[in-house]
Amino acid sequence: ILNALGSMMLALAQHLPLLGWRLLADALASIQIRLLSDASASPMAQENTQQLFAALRQNLPTEQYQAILAYSSQAVMAWQQSRRPAN
């Protein structure tokens with residue numbers, strides 16, 4: 001599954017150079033949020049996610065990967081902040 005997902009993500013980034021990175025970043029944010037929100041997430045799921053990020057880092061141009069990672073991180077941070085109780 002990891003190989004198939006990684007291949008599809010790389011193909012998306014290559015075939016849609018203008019918007020593919022944004023779709024990829026949204027998908028990565030969604031995966032991270034799911035792991036963070038599921039207290040019963042298995043160590044295997046966490047490891048697979050780390051491997052997916054590592055594979056994307058190795059196979060995407062550095063600038064593109066950094067933009068994807070920055071956008072994804074912002075979305076995850078916004079989600080985390082929205083879950084904090086208001087003071």
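The structure is a predicted model, in which local features need pLDDT of at least 70 and side-chain atom pairs count only at pLDDT 80 or more, whereas totals for chains, interfaces and linings use all residues. Residues are numbered from 1 along each chain as its sequence is written, and side-chain values use heavy atoms, with hydrogens and water left out.

The salt bridge joins the side chains of D26 and R22, with an N to O distance of 3.7 Å. In general, side chains of opposite charge can pair when their charged atoms come close. D26 and R22 lie 4 residues apart in helix α2, and are therefore separated by about one helical turn. D26 is partly exposed, at 33% relative accessibility, and R22 is likewise partly exposed, with a relative accessible area of 36%. In these descriptions, buried means under 20% relative accessible area, exposed means over 50%, and partly exposed covers the values in between (1.4 Å probe, protein chains only).

The secondary structure of the protein consists of 4 helices and 0 strands, and the order of elements from the N terminus is α-α-α-α. Helices (H or I, at least four residues) and strands (E, at least two) are DSSP runs, numbered from the N terminus. The C-alpha atoms fill a box of roughly 45 × 30 × 15 Å along the principal axes. Of the 87 residues in the protein, 25% are buried. Among contacts with a separation of 6 or more, 67% involve residues 24 or more positions apart, where contact means heavy atoms within 4.5 Å.

Helix α1 has 14 residues, and its end C-alpha atoms are 20 Å apart, in agreement with the 20 Å that the helix should span at 1.5 Å a residue. The expected span is 1.5 Å times one less than the number of residues. The buried residues of α1 are G6, M9, L10 and A13. These residues cover an arc of only 95° around the axis, which puts them on the same side of α1; the arc is that of the directions from the helix axis to the C-beta atoms. An α-helix has 3.6 residues a turn, so residues three or four places apart point the same way. M8 and H15 are exposed on the other side of α1, while the buried residues of this helix pack against α2, α3 and α4.

Helix α3 comprises residues 43-59, and its 17 residues reach 24 Å from the first C-alpha to the last, close to the expected 24 Å. Buried positions in α3 are T49, L52, F53 and L56. Seen down the axis, the buried residues of α3 fall within an arc of 95°, so they line one face of the helix. On the other side, P43, M44, Q50 and Q58 are exposed. The cover over the buried residues of α3 includes α1 (2-15), α2 (20-37) and α4 (62-83).

Helix α4 has 22 residues and reaches 32 Å between its first and last C-alpha atoms, close to the 32 Å expected. Its buried residues are Q64, Y65, I68, S72, V76 and W79. Elements covering the buried residues of α4 include α1, α2 and α3.

The largest nonpolar core holds 12 residues, namely M9, L10, A13, L24, A25, L28, L52, F53, L56, L60, Y65 and I68. Helices α1, α2, α3 and α4 each give two or more residues to this core. A nonpolar core is a set of buried Ala, Val, Leu, Ile, Met, Phe, Trp, Tyr and Cys residues joined through side-chain atoms within 4.5 Å. Leaving aside neighbours within four places in sequence, I68 is in contact with W21, L24, A25, L28 and L60.

The count of aromatic pairs is 1. W21 and Y71 form this edge-to-face pair, at 5.9 Å centre to centre and 85° between the planes. The pair links distant parts of the chain, with W21 in helix α2 and Y71 in helix α4, 50 residues apart. Rings of Phe, Tyr and Trp (its six-membered ring) pair if their centres lie within 6.5 Å; planes under 30 degrees apart count as stacked, over 60 as edge-to-face and the rest as tilted. W21 is partly exposed at 27% relative accessibility, and Y71 is partly exposed with a relative accessible area of 23%.

Note on methods: Salt bridge = Lys/Arg side-chain N within 4 Å of Asp/Glu carboxyl O.
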